[in-house]
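I opened the notebook to record a few look-ups on strands, sheets and helix packing. The entries follow the order in which I checked things.

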2 protein chains.
Amino acid sequence: MSHAELDVVCIGNAIVDILSQSQESDIGRLGLTRGAMTLIDAARAQTLYQKMGPAVEASGGSAANTAAGIASFGGVAAYVGKVRDDQFGGVFSHDIRACGVEFTSVPANAGPPTARCLIFITPDAQRTMNTYLGACVNLTEDDIDSGQIARAKVTYMEGYLWDRDEAKQAYLKAASVAHEYNRQVSITLSDAFCVERHRDSFRQLIKGHVDILFANEAEITALYQVADFDTALQHVRAECRIAALTRSEHGSVIVAGDEVHVVDAVAVAQIADTTGAGDQYAAGFLYGLTHGYGLAECGQLGSIAAAEVIGHVGPRPEVSLSELMAKQLPAYSSAQNVSSTAP
Amino acid sequence: MSHAELDVVCIGNAIVDILSQSQESDIGRLGLTRGAMTLIDAARAQTLYQKMGPAVEASGGSAANTAAGIASFGGVAAYVGKVRDDQFGGVFSHDIRACGVEFTSVPANAGPPTARCLIFITPDAQRTMNTYLGACVNLTEDDIDSGQIARAKVTYMEGYLWDRDEAKQAYLKAASVAHEYNRQVSITLSDAFCVERHRDSFRQLIKGHVDILFANEAEITALYQVADFDTALQHVRAECRIAALTRSEHGSVIVAGDEVHVVDAVAVAQIADTTGAGDQYAAGFLYGLTHGYGLAECGQLGSIAAAEVIGHVGPRPEVSLSELMAKQLPAYSSAQNVSSTAP
C-alpha cells in the first residue's frame with residue numbers, strides 16, 4: 001500500500017481492445033456506427049467477432065490509456081477499473097502495472113468475463129468501437145478507495161462510466177472525496193452518443209463538480225445542442241474552470257475564464273489508427289497541469305502525445321512520451337512564439 | 001467437412017504471441033537466450049511475464065503463421081494444432097479462421113491453458129522467444145486426419161514439434177500418409193537450439209521422409225556440425241530433393257540436385273520485428289511451389305513475404321501478400337534478369 005502523492009488517479013472501464021484492419025464496406029455490412037463507441041451485449045460481441053478479420057489484442061480502456069500515457073511522461077498515476085480473473089483480465093492487469101501505473105482494484109472472481117472492445121479500423125484510420133462491458137458491471141462505490149483519491153492532485157474519469165448507475169455512483173463518490181481534500185476533478189465526455197444518452201446529467205455534473213473538462217468538437221456541440229464549435233465554446237466558458245476542447249487535425253482550444261489558447265496539432269507523417277488519440281491528449285494535458293506547465297504548454301503536450309498514438313495501431317504510446325516531450329516541446333513552443341509574433 | 005484439394009496443410013504448436021518492445025539489457029537481466037526459442041514451464045512463464053513490459057497479443061505459432069501467409073497469397077491452406085478452450089484459444093482459433101485457413105482441430109477442454117510465447121523485441125528488431133507449450137502437449141497422432149493430409153499437395157511441419165514424443169509421432173504419421181498418397185512432405189528446422197537437441201533424429205528424418213527442407217544458416221550448419229554455409233550446402237544437396245536455405249539480409253539459396261538459385265532479399269526501409277520472417281519465407285515459397293512457379297520465383301515470393309512481416313510488429317502479414325506479389329514479383333524478376341546479364 002503506497003502513501004506517495006499521485007499526480008492523477010484515473011477511473012474507467014477496464015477493457016482489452018481487439019483491433020482489426022477492416023474494409024470500409026464492413027461498417028455498413030455489419031451495421032456498425034462509424035467512428036462511435038457502441039455498447040453491445042455478449043451475443044452481439046460473439047457474432048461481430050466471428051465476422052471480424054484477423055486481429056491483435058492490446059490493453060485499452062479510455063481512462064486506462066490516459067493513466068498509461070501519464071506514466072509514460074514520467075507522471076505518477078493510478079487506475080481504478082474492474083476486470084475478471086480470466087486471461088484477458090491478466091493481460092489488462094499486467095500491462096497497466098508494467099506501465100508503472102498503480103492498480104489495486106480487485107478482479108471479480110465470478111460473473112461476466114473481462115470487457116473487450118471490438119475495434120474496426122477503416123483505411124482512413126478511423127476506429128469504430130463496439131464494447132462488451134462484461135466485468136465492468138462490477139465496478140461500484142466499494143471500489144473507490146478514499147485514501148487513494150485523497151492522494152491524487154487530480155481525479156480523472158471517463159464519461160463512459162455514466163452508462164451504468166453503479167459506476168455513476170462510484171464516480172460521484174470519487175468526485176466528492178476529491179473536493180473534500182481540495183483536489184481537482186476532471187472528466188472527458190468520451191463520445192458524442194454517450195453525451196446524447198446523458199446530456200442533462202452531464203450538464204449538471206459539469207456545473208457542480210468538474211474542474212477540468214475534456215471534450216472533442218462533436219461532444220461539446222452535442223452537450224449544448226448547438227450547431228457550431230464557437231457557440232459551444234462560449235457556453236462551456238461560463239460553466240467550467242478549465243475546458244480543453246480537441247478538434248482533430250485542427251488542434252485544440254483551451255479556455256479558462258479569460259484565458260484562451262488555440263494550440264496546433266502535431267503533424268503526423270502517416271495516421272495508422274486514431275484509437276486512443278483523445279486519451280493521450282488528456283494524458284499530456286494532465287501531466288502538464290500537475291507539473292506546473294502553463295495551459296498552452298499543457299495543450300502542446302496533449303498534441304505531442306496524441307500524435308504519437310495515432311502513428312501506430314493500438315491505444316497506448318509505444319515510445320517514451322517523456323523523451324518525445326524533451327525533443328518536441330521546446331521546438332513546439334518556439335514555433336508557437338514565432339507564429340504569435342507574425343502580423 | 002471440406003473435400004476440396006488443399007495446397008498446404010501446416011502442422012505445429014498453436015501459440016499466442018505476447019510481444020513487448022524491450023531493452024537490450026533485459027536479455028541479460030532476465031537470463032534469456034538472445035535470438036533463440038527457449039522452452040519454459042508455467043512458473044517461469046509467470047515470472048518472465050511479470051518482469052516484461054507492456055505487450056500486445058497476436059496469434060502466432062510458426063506453422064500457423066505460414067498457413068496464414070499462404071492464405072494471404074491466395075493459396076488454400078489448412079492448419080493442425082492444439083489450443084485449450086480458453087480466451088487465448090478463442091483468439092488463436094478466430095484469427096487462423098479469419099485468415100481463411102481451414103482449422104478443425106478440437107480444442108482441449110481440460111489440462112494446461114493455450115500456449116503462449118513471450119517475445120522480447122530488442123531495439124535491433126531481433127526477437128527472443130520464450131515458449132510455454134501449455135495445451136500443445138495434447139497434440140497427438142489422433143489429431144492427424146488422414147483424409148485432410150491426403151487432400152494437401154504439401155504437408156508442412158515445424159521442427160519444434162520434435163521437442164515432444166507424442167507430437168513427433170503425429171508428425172511421422174502425417175508424413176507417412178502424405179507419401180502414401182504421393183504428396184510432398186516439408187519441414188522447417190525451426191531453431192538452431194532445436195537442431196542441437198534433435199540432430200541425429202532430424203538427419204534421419206530428412207534422408208528418409210523430407211521432400212522440401214527449410215532452414216536458416218545457423219540451423220543448417222548446426223545440423224551438419226560444419227563451420228560454414230557452403231559446406232552445409234554441399235551436405236544437404238545430397239540428402240534432400242529441395243532445400244531452401246535462408247540467410248537473413250543475404251537472401252536465400254535454393255538447391256535441388258543440379259539446380260541452384262541464389263535469391264536476393266527484399267530491402268526493407270525499417271525493420272521493426274523479425275518475428276515470423278522465416279515462417280513467411282516458407283509461405284511464399286510453398287505458395288509458389290504449389291502454383292507452378294519455378295524455384296527461383298518461389299524464393300522471390302519467400303523474400304517478398306518475409307520483407308512484409310519484418311516491417312511491423314507481429315508474425316503475420318498485415319497487407320494482402322497476393323497484392324504485394326502482383327506488384328513486386330514482376331519487378332523482382334526483371335531486376336534479377338538484369339543483374340544476371342551483367343558481367
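Below are my entries on a strand, a sheet and a helix pair.

**Entry 1: strand β11 of chain A**

I noted at the outset that this is a predicted model. I began with β11(A), which covers residues 212-216. How many of its residues are buried? I found that five of its five residues are.

Next I sorted the side chains by direction. Ile212(A), Phe214(A) and Asn216(A) point one way from β11(A). Leu213(A) and Ala215(A) point the other way. In a regular strand the side chains alternate between the two faces of the sheet. Both sets here are buried.

Then I looked up the partners of β11(A). Strand β10 of chain A, residues 184-188, pairs with β11(A) in the parallel sense over three bridges. Here I found Thr188(A) opposite Phe214(A). Strand β12 of chain A, residues 242-246, also pairs with β11(A) in the parallel sense, over five bridges. In that pairing Asn216(A) stands opposite Thr246(A).

**Entry 2: the sheet with strands from both chains**

I traced an open sheet of 10 strands, with mixed pairing. Its order is β3(A)-β8(A)-β7(A)-β2(A)-β4(A)-β4(B)-β2(B)-β7(B)-β8(B)-β3(B). Which strands are at the edges? They are β3 (37-39) of chain A and β3 (37-39) of chain B, and each pairs on one side only. I noted an average twist of 25° from one strand to the next.

I then looked at one pairing within this sheet. Strand β2 of chain B (residues 15-21) runs antiparallel to strand β4 of chain B (residues 56-59), and four bridges join them. Ile18(B) stands opposite Glu57(B) in β4(B).

Which helix did I find packed on the sheet? It is α2 of chain B, residues 42-51. I saw that α2(B) touches β7 (115-121) and β8 (127-132) of chain B. The direction of the helix makes about 40° with that of β7(B).

**Entry 3: helices α9 and α10 of chain B**

Helix α9 of chain B spans residues 217-224, and helix α10 of chain B spans residues 229-239. Their axes come within 9 Å and cross at roughly 65°. Angles of 65 to 115 degrees count as roughly perpendicular, so I logged α9(B) and α10(B) as roughly perpendicular to each other. The crossing is left-handed.

Which residues meet there? From α9(B) I listed Glu217(B), Ile220(B), Thr221(B) and Tyr224(B). From α10(B) I listed Phe229(B), Ala232(B), His235(B) and Val236(B). By class, this contact has five nonpolar, two polar and one charged residues.

Definitions and conventions. Residues are numbered from 1 along each chain as its sequence is written. Chains are lettered from A and ligands numbered from 1 in the order in which they are written. This is a predicted model: local features need pLDDT of at least 70, side-chain atom pairs count only at pLDDT 80 or more; totals for chains, interfaces and linings use all residues. A residue is buried if 20 or more other C-beta atoms lie within 10 Å of its own, exposed if 12 or fewer, and partly exposed in between; C-beta atoms are placed from the backbone. Helices (H or I, at least four residues) and strands (E, at least two) are DSSP runs, numbered from the N terminus. Two strands pair if DSSP finds at least two bridges between them. Axes are lines fitted to C-alpha atoms, for helices over the stretch in contact, and angles run from 0 to 180 degrees between N-to-C directions. Two residues are in contact if their C-beta atoms, placed from the backbone, lie within 7 Å. Angles under 35 degrees count as roughly parallel, over 145 as roughly antiparallel, 65 to 115 as roughly perpendicular and the rest as oblique. A crossing is left-handed if the near helix is turned anticlockwise from the far one by less than a right angle, and right-handed if clockwise. Ala, Val, Leu, Ile, Met, Phe, Trp, Tyr, Cys and Pro count as nonpolar, Asp, Glu, Lys and Arg as charged, and the others, Gly among them, as polar.
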